[in-house]
Amino acid sequence: MQASATAEQEAPSARQQAVLDAVLGLMVEDGEQVTMDAVARRASCSKETLYKWFGDRDGLLTATVRWQASRVHAGHDAAQVLDGATLRERLQDFAVTWLEVITGPTSVALNRIAIAHAGSRKSNLGGIVLANGRFAIGERVKPVLEAGRAAGLLTFADSEAAFRTFFGLVGRDIQIRLLLGETLDLDGAEIRRDAGRAVEQFLALYGRAKPDPNHRS
């Protein structure tokens, strides 16, 4: 059974968002016990409604991953001509929001379940997270990098390789440490500082823009 066109092509309604938040809440609290029955109980809706909106469990999980990934800001008006300050602002916005998402308990729980399912082949959640998380985010950020190149602010041959470098500079080893159980208490100021450092490192590697004189490593 395929997910409905509404769930695939349009932003979720407020009621659908509540359902998706219920799925994320179950992942944090109950780990792998995310069934259509459990979601229907938590969200106070019928299973028939869930099937109508999302098609099946994979459709529900896909919509949930997309909903979580939508919290990462990327690709704002990438087609417009960028100047150095705007490019830096776009990269910083992505880096901050991505770090905020991946360091939260919701993403940690979601990724732990996805890894476990990928190893055991229990479900396709690993593939869903890759396709609608990392890969989808990359497709939203790469046009920003390409617009920066078109404006003469960045120099690279392959936008995918450039994005992977930026992605690695932002995330470093934080995600794997959290997934393996380390407690990292990153406040907003520290996340912004880490994001800013990653942006300046990326621009040092690929940029023709002048470094930000106000940035401190």
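Helices are DSSP runs of H or I with at least four residues, strands are runs of E with at least two, and both are numbered from the N terminus. By that rule, Asp 37 belongs to helix H3. The structure is a predicted model, in which local features need pLDDT of at least 70, side-chain atom pairs count only at pLDDT 80 or more, and totals for chains, interfaces and linings use all residues. Residues are numbered from 1 along each chain as its sequence is written, and side-chain values use heavy atoms, with hydrogens and water left out.

**Overall fold**

- The chain has 11 helices and 0 strands, giving the pattern α-α-α-α-α-α-α-α-α-α-α along the sequence.
- Of its 217 residues, 46% count as buried, where buried means under 20% relative accessible area, exposed means over 50% and partly exposed lies in between, with a 1.4 Å probe and protein chains only.
- Contact means heavy atoms within 4.5 Å; among contacts between residues at least 6 apart in sequence, 71% join residues at least 24 apart.

**Nonpolar cores**

- A nonpolar core is a set of buried Ala, Val, Leu, Ile, Met, Phe, Trp, Tyr and Cys residues joined through side-chain atoms within 4.5 Å.
- The largest core has 37 residues, and Phe 94, Leu 145 and Phe 202 have the most contacts inside it.
- Two or more residues of this core come from each of helix H6 (84–102), H8, helix H9 (159–171), helix H10 (174–179) and helix H11 (188–206); the largest share, 9 residues, is from H6.
- Leaving aside residues up to four places away in sequence, Leu 145 touches Leu 91, Leu 154, Phe 156, Ser 159, Ala 162, Phe 163 and Phe 202.
- A second, separate core has 28 residues, including Leu 20, Leu 26, Ala 40 and Leu 125.
- In soluble globular proteins, nonpolar side chains tend to be buried together.

**Packing of H5 with H8**

- Helix H5 (residues 57–69) and helix H8 (residues 125–150) pack at an angle of about 35°, with their axes 9 Å apart; axes are lines fitted to C-alpha atoms, for helices over the stretch in contact, and angles run from 0 to 180 degrees between N-to-C directions.
- H5 contributes Asp 58, Leu 61, Thr 62, Val 65, Arg 66 and Ala 69 to the contact, and H8 contributes Leu 125, Ile 128, Val 129, Asn 132, Gly 133, Ile 137 and Arg 140.
- By class, this contact has 7 nonpolar, 3 polar and 3 charged residues; Ala, Val, Leu, Ile, Met, Phe, Trp, Tyr, Cys and Pro count as nonpolar, Asp, Glu, Lys and Arg as charged, and the others, Gly among them, as polar.
- Asn 132 of H8 is buried because its relative accessible area is 12%.
- Not counting residues up to four places away in sequence, Asn 132 touches Thr 62, Val 65, Arg 66 and Ala 69.
- The C-alpha atoms of Asn 132 and Val 65 are separated by 6.3 Å, although the two are 67 residues apart along the chain.

**Packing of H9 with H11**

- H9 and H11 pack at an angle of about 150°, with their axes 9 Å apart, in a right-handed crossing.
- Ala 161, Ala 162, Thr 165, Phe 166, Leu 169 and Val 170 of H9 meet Ala 198, Val 199, Gln 201, Phe 202, Leu 205 and Tyr 206 of H11.
- This contact of H9 with H11 has 10 nonpolar, 2 polar and no charged residues.

**H3 and the annotated region**

- UniProt, in an unreviewed entry, places the feature "DNA-binding region" at residues 35–54; its positions are given in the numbering used here, feature names are shortened, and annotations may be inferred rather than shown by experiment.
- Residues 35–54 are 80% helix and 0% strand, with end C-alpha atoms 13 Å apart.
- The buried residues of helix H3 (residues 36–43) are Met 36, Ala 38, Val 39, Ala 40 and Ala 43, and they pack against helix H2 (14–30), helix H4 (47–54) and H5.
- Asp 37 counts as partly exposed because its relative accessibility is 38%.
- Asp 37 and Lys 47 are 10 residues apart in sequence and 6.7 Å apart in space, C-alpha to C-alpha.

**Positive phi**

- Most residues other than glycine have a negative phi.
- Ser 44, in the loop between H3 and H4, has a positive phi near 55°, and counts as exposed because its relative accessibility is 64%.
- Arg 172, in the loop between H9 and H10, has a positive phi near 45°, and is partly exposed, with a relative accessible area of 46%.

Methods. Left-handed = near helix turned anticlockwise from the far one by under 90°.
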